[in-house]
Amino acid sequence: MNFKFLSILLISVSCCFAQESGEQKKYTLDANQFYGSIILHNPDISHLITSHPAGVILSYNRKTYGSEEWEELYNYPDLGYSFIYQNTNNSTLGDNYGLYAHYNFYFFKRNVQLRVGQGVAYATNPYDKETNFRNNAYGSDVLSSTYLMFNYHKENIIKGLGFKAGISVIHYSNANFRAPNTSTNTLAFNAGVVYDLDGGKEIEYIHRDKEKVTEPLRYNFAIRTGINESDVIDSGQYGFVVLSAYADKRVGRKSALQFGIDAYFSNFLKELIRYQSIAFPENGVDADDDYKRVGVFVGHELFINKMSIISQLGYYVYYPFDFEGRMYNRMGLKRYFGEKVYGSVTLKSHGAKAEAVEFGIGIRL
């Protein structure tokens, strides 16, 4: 997932950090150690699961108190940045260093915290066909990385010092930007401390009357592009274009439902069709088979502030070449610039099998 959501998420969190100067602010630091196991999500990486990875998660957080409406709507989350060092304890995989933007969401009287972080990581020992051909997990040294933390979180136990512990999942991949890309997922137990830089000073939350949000049917048009490669190593990286049109209907302050159509022009498929027609003639693939695809999809958009999270499930209605099945899904972030124009970074995949990272622009009318 090379730079999957990093650009939009970093910009969004940075903008939130830079809110008006009259707003009351509080900052915290936290540090966690973790120890866990790489999950066998694909038998192709079984030879890489030889020991238990460990590492540290260091974070800087800004708390929110309701200066903007969305903060109260999502129970006053934190915005922050984090750094992860992971020692895989495996010489083939090497170590990973990651930088992230994250949100902390709170539940159960703010004693339970869910963190969602997205960023970019550097892998010290990626695949090399001569020196490291066994590393089929990381095809590049720059990876996208997503991590989740689900923790018991107790702040200000004594003089601003608190405690947290729970489980974390850390994902590394490049979303077929370059092959191979089997990826890894680490499930780990973590524990650490959190420190309030104000020494535990209390700030009151702002409450306001909630306004009902209603909108007519809206129409969206988007173009997405990027670069990817098939699973055939050294087959080459090729650009693609996706044209999308869809309608959405707001169903409350947070959500909108979507229905639309995608047209895919993926040049890596053109090369894959040519390759299979020569290398595997028994499969009945002809070099002139059409590489284009058309799909219909339903989806959901979760509005936060100027940013929203989209999730879509699609089915190819035009599918002349069989590649990973007819069902596909897309998840990602949108960042609105004004009322109508938006940018997006999305991951298009078939189940857990990533196809590409899509960078897009669009308009919502």
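Predicted model: local features only at pLDDT ≥ 70, side-chain atom pairs only at ≥ 80, totals over all residues.
Is glutamate 355 buried or exposed?

View 1. Glutamate 355 is buried, at a relative accessible area of 3%. Arginine 293 is buried too, at 1%. Arginine 293 sits in strand β12 (residues 293–303) and glutamate 355 in strand β16, so the pair ties together parts 62 residues apart in sequence.

**View 2. Lysine 353 meets aspartate 231 in a salt bridge.** The N to O distance is 2.9 Å. Lysine 353 belongs to strand β16 (residues 353–364), while aspartate 231 lies in the loop between β9 (218–228) and β10 (238–250). The two are 122 residues apart. Lysine 353 counts as partly exposed because its relative accessibility is 24%, and buried means under 20%. Aspartate 231, at 41%, is also partly exposed.

**View 3. Salt bridges link Glu215, Arg218, Asp248, Arg250 and Arg364 in a network.** Within it, arginine 218 pairs with glutamate 215, with the closest N and O atoms 3.3 Å apart. Both of these residues are buried.

View 4. In the contact, 13 residues of domain 1 touch 22 of domain 2. About 1,500 Å² is buried between them, and carbon and sulfur atoms give 54% of that area. The domains share 2 salt bridges. Five residue pairs are in polar contact across the interface. Helix α2 (residues 69–73) supplies the largest share of domain 1's side, 3 residues. By class, that side has 9 nonpolar, 1 polar and 3 charged residues.

Terms used. Residues numbered from 1 in each chain as written. Heavy atoms only, no water. Contact = heavy atoms within 4.5 Å. Buried area = accessible area lost by both parts, 1.4 Å probe. Salt bridge = Lys/Arg side-chain N within 4 Å of Asp/Glu carboxyl O. Polar contact = N/O pair within 3.5 Å; in protein donor to acceptor, adjacent residues only side chain to side chain. Helix = DSSP H or I, 4+ residues; strand = E, 2+ residues; numbered from the N terminus. Nonpolar A, V, L, I, M, F, W, Y, C, P; charged D, E, K, R; others polar. Buried < 20%, exposed > 50% of the residue type's maximum accessible area, 1.4 Å probe, protein only.
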